[in-house]
Amino acid sequence: MFKVAGIVVVTAAAAALLGWLLISLAHAPEAHHVPVAVVGKGAAVTRLANSLDANSAFAVTRADDGAAARRLIAERKVYGAYAPLAKSGRVITSSAASVAVARLLRASFTKLDAQRHVRTVTTEAKPLPAQDSSGVTAYVLALVAAMIAALGAWWLEFWAPSIRRGPIAALVRVGVLLALSLGVGAILAAISTQLGIYDGDFFVVAGAVALATLGTALVTAFLTSLLGTAFGVVVGLSVFLVVGVLATSGGGSAPEFLPDLWRQVGSGLPARSTIELVQNVVYFDHEAITTPLLVLGGYVVGGLVLMMALSPFRRVSS
């Protein structure tokens with residue numbers, strides 16, 4: 001009786017905590033330090049740039065002309081740009097980076113142009129394909145990769161020899177998880193390309209998803225062997241799926257719509273890097289992929305090291 005009551009209390013507390021976390025983050029999100037370029041020279045442009053930079057919603061970079069602004073967008077240094085011309089305001093957006101930020105820039109600068117009594121002209125520097133007009137495919141790929149990785153590592157704890165039987169058993173587990181990750185990457189990339197979303201990018205998308213899946217699976221496999229199957233999978237799903245994808249990835253909008261603390265947490269988890277890696281290789285000609293690769297590669301190497309370090313200890317039968 002007491003055991004059942006304890007399970008109910010723990011489950012209710014977990015539901016309340018996760019509900020509070022996800023609802024609080026999704027409720028009335030505000031932009032924080034969105035990188036944007038202000039185009040032009042002169043005292044008036046400088047005053048405008050300083051005014052925008054003083055607003056916590058934006059982090060302003062100066063660009064001498066439109067070509068320079070487009071380079072900043074292509075290099076993933078800013079989300080968009082604004083040029084306050086005499087007879088119009090020109091807004092350059094990048095929906096491929098974030099539909100939510102593109103919408104924010106159009107709304108913010110249209111309002112500013114209304115105050116200047118000029119019309120607003122909007123241009124898309126990096127548009128999304130019609131098949132992914134909402135821009136959430138990379139987010140969905142990260143979510144599925146995290147879920148399959150954690151559940152796959154948990155399931156293998158029942159089926160495969162425990163890594164606590166020694167290094168050979170640990171390497172067998174690594175091999176199985178590698179095969180699983182490659183399969184997940186290939187399947188998700190095939191679905192995406194078949195739907196015309198990432199047409200012509202099968203191998204880079206498959207590789208990015210496989211890398212993310214493998215890193216998450218290796219760390220979760222270590223946790224299930226260290227903590228036991230139940231605690232290990234709960235921790236794995238909580239960290240990599242709930243916190244990593246749903247709470248801190250920013251995949252549904254942009255990381256800049258998250259509070260500073262959660263934005264920093266998300267930068268160190270695989271989901272954010274998965275989303276950025278897929279976006280940047282597909283839409284931005286492989287720009288700004290070093291950090292995502294280092295994060296995802298770090299999980300692969302770290303998970304492998306942890307599994308091998310645990311393998312000589314607590315040799316038990318599965």
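Two residues are in contact here when they have heavy atoms within 4.5 Å of each other. Keep that in mind for F109: leaving aside its neighbours within four places in sequence, F109 is in contact with V36, L52, Y82, V91 and T120.

A word on what you are looking at. This is a predicted model, in which local features need pLDDT of at least 70 and side-chain atom pairs count only at pLDDT 80 or more, while totals for chains, interfaces and linings use all residues. Residues are numbered from 1 along each chain as its sequence is written, and side-chain values use heavy atoms, with hydrogens and water left out.

Now for the overall picture. The protein chain has 11 helices and 5 strands; these are DSSP runs numbered from the N terminus, with helices being H or I of at least four residues and strands being E of at least two. Of the 318 residues in the protein chain, 47% count as buried. Buried means under 20% relative accessible area, exposed means over 50%, and partly exposed is in between, using a 1.4 Å probe and protein chains only. If you take the contacts in the protein chain with a separation of 6 or more, 70% of them come from residues 24 or more positions apart.

Let's go inside. A nonpolar core is a set of buried Ala, Val, Leu, Ile, Met, Phe, Trp, Tyr and Cys residues joined through side-chain atoms within 4.5 Å. The largest one has 53 residues, and F109 and Y198 have the most contacts inside it. Helix α10 (residues 270-283) supplies the largest share of this core, 7 residues. Apart from it lies another core, of 22 residues, including V174, L223, V295 and Y299.

Next, find G80, which lies in strand β3 (residues 80-84). Is G80 buried or exposed? G80 is buried, with a relative accessible area of 0%. Leaving aside neighbours within four places in sequence, G80 is in contact with P35, V36, A37, I73, I92 and L105. Take I92 from that list: G80 and I92 are 12 residues apart in sequence and 5.3 Å apart in space, C-alpha to C-alpha.

Time for some helix packing. The axes of helix α7 (residues 202-227) and helix α11 (residues 290-310) come within 8 Å and cross at roughly 30°. Such axes are lines fitted to C-alpha atoms, for helices over the stretch in contact, and the angles run from 0 to 180 degrees between N-to-C directions. That makes α7 roughly parallel to α11, since angles under 35 degrees count as roughly parallel, over 145 as roughly antiparallel, 65 to 115 as roughly perpendicular and the rest as oblique. The crossing of α7 and α11 is left-handed; a crossing gets that label if the near helix is turned anticlockwise from the far one by less than a right angle, and right-handed if clockwise. Among the residues making this contact are A208, L211 and F222 of α7, and L293, Y299 and M307 of α11. By class, the contact of α7 with α11 has 17 nonpolar, 4 polar and no charged residues. For these classes, Ala, Val, Leu, Ile, Met, Phe, Trp, Tyr, Cys and Pro count as nonpolar, Asp, Glu, Lys and Arg as charged, and the others, Gly among them, as polar.

Zoom in on L218, found in helix α7. At 2% relative accessibility, L218 counts as buried. Not counting residues up to four places away in sequence, L218 touches V174, L177, V300, G303, L304 and M307. L218 and L306 are 88 residues apart in sequence, with 8.6 Å between their C-alpha atoms in space.

Back to α10. Helix α5 (residues 137-159) and α10 pack at an angle of about 140°, their axes 9 Å apart. α5 and α10 are therefore oblique to each other. α5 passes α10 in a right-handed crossing. The contact is made by A138, Y139 and A142 of α5 and A271, T274, I275, V278 and Q279 of α10.

N280 also sits in helix α10, and at 3% relative accessibility N280 counts as buried. One of the residues that N280 touches is H286. Where is H286? H286 is in the loop between α10 and α11. Phi of H286 is near 65°, a positive value in a residue other than glycine.
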